[in-house]
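Have the sequence and the model open as you read.

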Amino acid sequence: MAVTARQRRTGLAAWGFALPFTVLFAVFMLLPVASSLYMAFTDMHGADLRTPLAVNFVGLDNFVEVLADPKFQQAAGNTLYFVGVAMPLTLAVALLLAVLLNSGLVWFRSVFRVGFYAPVVTSIVAVAVVWRFLLQPDFGLVNSALGLVGIDGPRWLTDEVWAMPSLIVMATWRNVGYSMVILLAGLQGIPRDLYEASAIDGAGAVRQFRSITVPLLRPTLLFCAVITGIGYLQFFEEPFVMTQGGPLGATNSVAYEIFNQFGFGNYGLSAAMSYMLFVAIVILSYLQFRLLRPKS
């Protein structure tokens with residue numbers, strides 16, 4: 001079918017409105033992504049910035065070197081540890097809070113919603129300052145409270161055993177409000193008639209939760225799991241602000257190691273690490289879709 005003059009003018013007008021965004025997206029998104037992909041297969045260093053096209057193509061050597069690097073292996077293990085513990089903990093606490101707020105057991109529910117969500121919109125620097133004060137080994141509030149009951153608290157952020165759990169607790173506290181609000185919206189979309197009918201049939205609260213709440217909440221749980229997993233795989237602010245990756249690399253993450261390598265001028269290695277992290281995000285999201293997708 002031939003394109004009329006009016007349709008042509010409409011198309012040109014649409015492209016005119018879309019052109020500013022298209023140009024910005026191409027310059028600030030597509031070009032950096034393409035450049036980082038190019039760097040991942042080269043030996044580019046900080047000294048090569050003036051002649052980026054004169055670097056050597058090394059194929060998969062950067063990826064092989066990254067996989068053989070003990071520091072990256074430790075960072076990858078720390079990241080898996082963080083995600084494997086923090087993500088289920090965050091979702092479990094968020095679901096518990098959402099169920100409580102959705103019930104009639106909690107008064108002043110609006111106040112609690114705001115209170116639990118407030119850490120999400122609080123600056124990570126402010127959160128880190130507060131938590132570093134709380135976890136100070138000598139005069140911190142946590143160890144002071146433990147001392148009242150005769151317990152000598154550990155050095156939370158400078159002990160290899162306790163540093164990562166401390167960051168997990170902080171990250172859970174800071175991020176649980178986001179998933180709680182989403183899950184609460186999902187709970188409020190479940191018809192109350194289903195609970196009333198199941199109660200008439202003799203189903204208790206646990207049976208209702210297992211047979212009604214969880215199945216109908218699977219799409220919302222999937223969304224929260226994917227968003228939380230993507231964020232936690234890229235966890236960077238917590239070790240950067242709180243521990244600088246220490247002690248002895250116990251809280252070093254893949255994202256923090258990418259930052260370090262980029263700071264050292266190893267652009268090829270940092271780009272290779274970034275794409276390996278991207279592959280890990282894709283794999284985790286795929287597994288979450290397989291596990292939590294609604295059953296037909």
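## Accessibility along the chain

Residues count as partly exposed when their relative accessible area lies between the buried range, under 20%, and the exposed range, over 50%. Keep in mind throughout that this is a predicted model. Val33, a residue of helix α1, has a relative accessible area of 46%, so it is partly exposed. In space, its C-alpha lies 9.8 Å from that of Ala271, although Val33 and Ala271 are 238 residues apart in sequence.

## One face of α2

Which residues of helix α2 are buried? In this helix, spanning residues 61-68, they are Asn62, Phe63 and Val66. Viewed down the axis of α2, these buried residues fall within an arc of 95°, so they line one face of the helix. On the face turned away from that buried side you will find the exposed residues Val64 and Ala68.

The cover over the buried residues of α2 includes α1 (5-40), α3 (70-102) and α13 (267-292).

The largest nonpolar core has 49 residues, and Phe82, Leu183 and Tyr232 are the ones with the most contacts inside it. Two or more residues of this core come from each of α1, α2, α3, α7 (163-188), α10 (218-233), α12 (254-263) and α13. Helix α3 supplies the largest share of this core, 12 residues. Another core, of 12 residues, lies apart from it; Ala128, Trp156, Leu167 and Met242 are among its members.

What does Tyr232 contact, leaving aside its neighbours within four places in sequence? The list is Phe82, Val83, Ala86, Met87, Thr90, Ala171, Thr172 and Asn175.

Setting aside neighbours within four places in sequence, Ser285 is in contact with Val226 and Ile230.

Is Phe21 buried or exposed? Its relative accessibility is 57%, so Phe21 counts as exposed.

## The loop between α11 and α12

Most residues other than glycine have a negative phi, and most peptide bonds are trans. A cis peptide bond joins Gly246 and Pro247, with omega about 0°, and Pro247 is placed in the loop between α11 (237-243) and α12.

Gln244 is in the loop between α11 and α12 and has a positive phi, near 55°, without being a glycine. With 47% relative accessibility, Gln244 counts as partly exposed. Leu248, in the loop between α11 and α12, is not a glycine either, yet its phi is positive at about 55°. The relative accessible area of Leu248 is 68%, so this residue is exposed.

Terms used:
Residues numbered from 1 in each chain as written. Predicted model: local features only at pLDDT ≥ 70, side-chain atom pairs only at ≥ 80, totals over all residues. Heavy atoms only, no water. Buried < 20%, exposed > 50% of the residue type's maximum accessible area, 1.4 Å probe, protein only. Helix = DSSP H or I, 4+ residues; strand = E, 2+ residues; numbered from the N terminus. Arc of directions from axis to C-beta. Contact = heavy atoms within 4.5 Å. Core = buried A, V, L, I, M, F, W, Y, C linked by side-chain atoms within 4.5 Å.
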